[in-house]
Amino acid sequence: MSARMLPVPDGLDGMRVDAGLAKLLGLSRTVVAELAESGEILLDGRPAGKSDRLSAGGLLEVTLPDPASAIEVVAEPVEGMKILHDDDDIVVISKPVGVAVHPSPGWTGPTVVGGLAAAGLRIATSGAAERQGVVHRLDAGTTGVMVVAKSEHAYTVMKRAFKERTVDKGYHAIVQGHPDPTRGTIDAPIDRHPRHDYKFAVVQGGRPSVTHYEVVEAFRAASLAKIKLETGRTHQIRVHFSALKHPCVGDLTYGADPVLARKLGLSRQWLHAKTLGFAHPSDGRWVEFESEYPDDLANALRILQDEN
């Protein structure tokens, strides 16, 4: 990866980021849009969306992939990855822990894209080579249901659906303590952490981020919450509940209690993408899919329930 820093020329004033940067760097608008989506374009220090407008004199920071080190998709079976649904347009899976959605610099573990290739499933060719067919993502440490596009039509339709927030994303999380109120909405902007680049944080002027939650079961030291995401920022649920001083149990990166994590046998955050609903790209009919808790989360929940 290589970073370039350059001022916005007067001639690009008012242009969209994707159009202006494509012109400035000689890249396609698709490539620029993917860089923006991955947070690789900063405008005056803040992540820029592809449709944001450029201002003359503004400072652009762009992280470009090294063409000499193209990321390769390795077809290898992924243990524990379950296919919940498969048709001509989409494949819906339940992603296990420790699996990234697609290859990226520095990641040497298994990937969803590689697992689908090993299973002989053809996916859409839209998108960057290493993440073709990917229309949304889950963190490597987060388990649960996700959809991958198999046809080019499905890729276009599903990308638009996620962008326009017409997808119903339901998560379950066990958070420390007892959120008050037990049902509410967290509306707080998220951006990269000002001091730790690997983390995100609630930051004034960050990207709008909205999380709806409802506590469905309370334990002595924690609460099980059902969560609906209105937006889909990186680490959104983890960041929002950490900001409320109720981090996901086991999420040491965002301030969880390591003693409680050890007691529950957790080596990652208790967070699971439980349900996913959307209009099927082929005919618009509403479809819903559900993923069961994996063993580590189910065991931790059982320990908390037995203590009550």
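User: Why is Lys 245 called exposed?
Analyst: The relative accessible area of Lys 245 is 69%. Exposed means over 50%, buried means under 20%, and partly exposed is in between, with a 1.4 Å probe and protein chains only. The value of 69% is over the cut-off, so Lys 245 counts as exposed.

User: What kind of model is behind these values?
Analyst: The model is predicted: local features need pLDDT of at least 70, side-chain atom pairs count only at pLDDT 80 or more, and totals for chains, interfaces and linings use all residues. Residues are numbered from 1 along each chain as its sequence is written, and side-chain values use heavy atoms, with hydrogens and water left out.

User: Where does Lys 245 lie, and what is its phi?
Analyst: Lys 245 sits in the loop between α5 (236–243) and α6 (258–263). Helices (H or I, at least four residues) and strands (E, at least two) are DSSP runs, numbered from the N terminus. Phi of Lys 245 is near 70°, which is positive in a residue other than glycine.

User: What makes Asp 44 exposed, and what is its phi?
Analyst: Asp 44 has a relative accessible area of 52%, which is over the cut-off, so the term applies. Asp 44 is not a glycine, yet its phi is positive, about 55°. It is found in the loop between β2 (41–43) and β3 (46–47).

User: Which bond joins Asp 180 and Pro 181?
Analyst: A cis peptide bond, with omega about 5°. Pro 181 is in the loop between β8 and β9 (183–187).

User: Why are the buried residues of α7 said to line one face?
Analyst: The buried residues are Leu 297, Ala 298, Ala 300, Leu 301 and Leu 304. Seen down the axis of α7, they fall within an arc of 165°, so they line one face of the helix. The arc is that of the directions from the helix axis to the C-beta atoms. An α-helix has 3.6 residues a turn, so residues three or four places apart point the same way. The face of α7 turned away from the buried side carries the exposed residues Asp 295 and Asp 306.

User: What do the buried residues of α7 pack against?
Analyst: They pack against β7 (143–149), β8, β13 (222–229) and β14. Contact means heavy atoms within 4.5 Å.

User: Is Ser 291 buried or exposed?
Analyst: Ser 291 is buried: its relative accessible area is 1%, under the cut-off. The residue lies in the loop between β15 (286–290) and α7. Leaving aside neighbours within four places in sequence, its contacts are Ser 94, Gly 144, Val 145, His 272, Ala 273 and Lys 274.

User: What makes α1 mostly covered?
Analyst: In α1 (residues 17–25), 7 of its 9 residues are buried. They are Val 17, Asp 18, Ala 19, Gly 20, Leu 21, Ala 22 and Leu 25. Just after α1, Gly 26 has a positive phi of about 70°.

User: What makes a space a cavity or a pocket?
Analyst: On a 1 Å grid over the protein atoms alone, a cavity is a set of points where a 1.4 Å probe fits but cannot get out. A pocket is an open set with protein on both sides within 12 Å along at least five of seven lines. Lining residues have an atom within 4 Å of a point. Grid points are joined across faces, edges and corners, and a volume is the space filled by probe spheres set on the points.

User: How many cavities does the search find, and what lines the largest cavity?
Analyst: The whole structure has 1 cavity of 30 Å³ or more. The largest cavity holds about 40 Å³. Its lining is His 136, Leu 138, Val 145, Lys 169, Gly 170, Tyr 171, Ala 273, Thr 275 and Leu 276. β8 (168–176) and β14 (271–279) are the elements that give two or more residues to it.

User: How much space lies in the second largest pocket?
Analyst: About 280 Å³. Of its 16 lining residues, Gly 80, Lys 82, Ser 94, Glu 292 and Pro 294 are the closest to the centre. β5 (82–86), β6 (90–95) and α7 (295–307) each supply at least two lining residues.
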